[in-house]
Amino acid sequence: MATTLTINGKPHQVDLPDDVPLLWVLRDEVGLTGTKFGCGVAACGACTVHIDGEAVRSCQIALSDVWGEVTTIEGLGTPDNLATIQQAWVDHQVAQCGYCQSGQIMQAAALLAENPAPSDEEIDEAMQGNLCRCGTYPRIRAAIHDAAAKMKEA
Amino acid sequence: MASIGKILRRTFLIGSAAIVGGVAFGVYYVNRPAKNPLKPGEGEAALTPFILIDRNGVTLFAPRAEMGQGVKTTWAALIAEELDVDLDQVTVLHGPAAAAYYNSAMIGESLPNKGYDISNFQHNLGEALGVIGKALSLQVTGGSTSMKDGFERMRAAGASARETLRQAAADRLGVARDQLQTASGHVIAPDGTKIAYTELAADVAQMEPIEAPLRDPSEWRYLGRTQPRLDMVEKATGTAQFGVDVRLPGMKFASVRMNPKLGGQMNGFDDSAAKAMPGVEKIVDLGNGVAVIATNTWLANQAVEAIEVDWGEAPYPPETDAIFEQIAKAFDADPNSTMRDDGDVSTVPEGATVIDAEYTVPYLAHATMEPMNGTALFSGDRLEFWGGNQAPTFMQMKIAEAAGLDTEAVEVHTTYLGGGFGRRAEFDFGVIATKVAMAMPNVPVQTTWSREEDMRHDFYRPGAMARMRGAVKDGKAVLIDGKVASQSCTRQAMERVTGMPGAGPDKVLVEGFFNQPYAVPNYRMSGHIADLDIPVGFWRSVGNSHNGFFHETFIDEMAHAAGRDPLEFRLELMRDEHAPSAGCLEAVRDMSGWTGKTPDGVGRGVALTYSFGTPVAQVIEVVDEDGTIRISKAWIACDMGLALDPENVKAQMFGGMMYGLSAACYGEITFAEGEVEQFNFPDYDALRMHTAPQVEVQVLETNRFMGGAGEPGTPPAMPALGNALFDLTGQRARTLPLNKQFNLLV
């Protein structure tokens, strides 16, 4: 049965069983590979995307349950037109292996949309579902504070 | 061609070769040139190219895998420093798999010296032995060797290319070479006329390469300074391609299940339910496992989970306790090595206080964020493989074996690695992807492991035990007699690669144990190999990962027995033995404001491990918050001699520490009925944003020889944390993980 999803502002027709998680619709059907598979059980945050602006774990959302517009890392900004948060990631040289960073950025972007000046405690609270085995946390924290400051100026 | 004298001195020669529309610069190695990975035409010499210049631009090759350590950027900077190109104007590619990219520094590490006391003679010997690396096709990213290995070769290739380009311009303009300058990819004439390197490429292809002396470090523009990482924009936009992101026309997706009783056989399976599931295209019998090829990875995984499999038994004791009994048994046999045996440990000096301790650490998984995967396309007489891997030459060889093809018929494309930590130095994931793809010829198939499959089919950091006896007198250590027992990951890895386990002393098993920079008059350190068939492999910092904990926890116990401040106690034993190590301790003492005293509710611990040529000292601070213990702060000092990219070194240092702290707090792989009991991150957690400490790093540069960066941050983290917990609670951590003994924040 074909389902229509709006992803990064564009409609996509997908023909997959209803229970296929959004993560695997994005990656294997639509070809948006920026959203990563890490655990499949909502324990690592690598698959974080936005649905109507809310950060969600796409590995846990069945195709038939997608309730709104989907935004992935590719929809946030591009190499030629970085979002403020992505620019902060580059400025602070956050990534090491980089695999978890799409999810980290999507989670951080949702945090900043809701809370334009998060404290360290609020960052801890919002970001603790996103695992990074390279241990880039100090730079993630610095990049979030920096992005918050830049977005305030803008 | 250079003289034999030059060969002996340097083990490589600069060379160049014509390519279509341009020129390749690189190096030839001793004896005979290795096969050129760029396949020059007939009659052309083979060389390892690091630089390609043609009409389209300048391309630099980084033959090491980028797994987060920044090697792509620093490697390119080594070339650019001499070549005079701007890093943002060149393309940097991973080199293809080729024997010529052998890793000379890694073999040098295997010499039986302690490392920190290396003499110039031994250093040269180490370099010469590097030649053996070629025979083993050691194109491996590991052992924290990338920069040590590339440091001279890359710069030499860059310098030679620059001078030859200059000569080509001189010939064209009819002026002397020394009248010309080079900058930003151009040769510049005295009148300011600029000729782009790309324009000169075809001329240069006809010339003998000119050798040039390397620039003095005082002239460096890139090296020793922090460079923006070339992979950062891609990694911030989701456009970096990892193995799991490879997409090819007509590609299918597969999921795999291998025997969870590791190394056991498969007696049979029933796939009747799986066959009928949506999206399923093919069930593949792998002999010792099953795979499903489908239209979508998730559908493939649902189907492979629905296969009923009758698994054979594992070839090791099925329960954790019995496994550790087997490890303990190794102490009863003669040691495999005693690489340090100073003075006489059989007699306790008169009046000395004796301390005994036994330590145990668990098996550990690598748990890279990107689960194991591989994409393969089999077309009858050829096979192409795409994926993140740390050893493309071995991968190529093993895939060829599995496919029944000649090595030359296999092409390995190395993508970014979503974490390596040693796991991607293995090739099982490539072999499995190959076998799966061979079931569907002419169709590219990507095989992705579930997280559960990944965690339960690792080559684990071996569980290990240590028995330590020591003596202190007048506030000083006067005797240390240590024994460590574990499986040998070196022997297993050698057997997997060559079919033979290798013999002789296993230095890796005792690294971080026998070679620590302490002056103790009676000092014997032995390694015992436990006979077990659990798959084990190289885990970030390898033997140092357990030995650092054993050695530095014991030193702490000795310091307390001697009634001394643990940092001063160490410093006193280290100052004359190895000044760079002492310097690291002094640096963390000063950074942390170490006084030896902590207020109630706060604990601090210190540790130092010398590994991969780099001493690293860490102070960890823990705080008691209403009965829950949080790691609040960390201070790190390292001395790697020369830090080519200081901010990147800092990232490696705190990243390595976080990896060690994660293992120390929560990491444990256990066995029941022959199967690993941990399935996914909820059973095998790591530090997260709220549990990771604030961190400050200082990079020192006094060491005489260049050390590694990727691994040395890991070993001291575990003992420094254990020592901090002792300071806080008075309870000594002699086993890991620490969450079993302490109420740590989760």
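This is a predicted model: local features need pLDDT of at least 70, side-chain atom pairs count only at pLDDT 80 or more; totals for chains, interfaces and linings use all residues.
Figure 1. Among contacts in chain A with a separation of 6 or more, 61% are formed by residues 24 or more positions apart.

**Figure 2. Secondary structure and overall dimensions of chain A.** The chain contains 6 helices and 5 strands. Along the sequence of chain A, these elements follow the order β-β-α-β-β-β-α-α-α-α-α. Chain A is as compact as a globular protein of 154 residues, because its radius of gyration, 15 Å, is close to the 15 Å given by the globule rule for that length. The C-alpha trace of chain A extends over about 45 × 30 × 25 Å along its principal axes.

**Figure 3. Packing of helices H17 and H21 in chain B.** Helix H17(B), residues 543-561, packs against helix H21(B), residues 717-729, at an angle of about 35°. The axes of the two helices are 8 Å apart, and the crossing of H17(B) past H21(B) is right-handed.

**Figure 4. Residues at the contact of H17(B) with H21(B).** Helix H17(B) contributes B:Gly548, B:Phe549, B:Glu552, B:Thr553 and B:Asp556. From H21(B), the contact involves B:Met718, B:Pro719, B:Gly722, B:Asn723 and B:Phe726. By residue class, this contact comprises 4 nonpolar, 4 polar and 2 charged residues.

Terms used. Residues are numbered from 1 along each chain as its sequence is written. Chains are lettered from A and ligands numbered from 1 in the order in which they are written. Helices (H or I, at least four residues) and strands (E, at least two) are DSSP runs, numbered from the N terminus. The radius of gyration is taken over C-alpha atoms; the globule rule is 2.2 Å times the number of residues to the power 0.38. Two residues are in contact if their C-beta atoms, placed from the backbone, lie within 7 Å. Axes are lines fitted to C-alpha atoms, for helices over the stretch in contact, and angles run from 0 to 180 degrees between N-to-C directions. A crossing is left-handed if the near helix is turned anticlockwise from the far one by less than a right angle, and right-handed if clockwise. Ala, Val, Leu, Ile, Met, Phe, Trp, Tyr, Cys and Pro count as nonpolar, Asp, Glu, Lys and Arg as charged, and the others, Gly among them, as polar.
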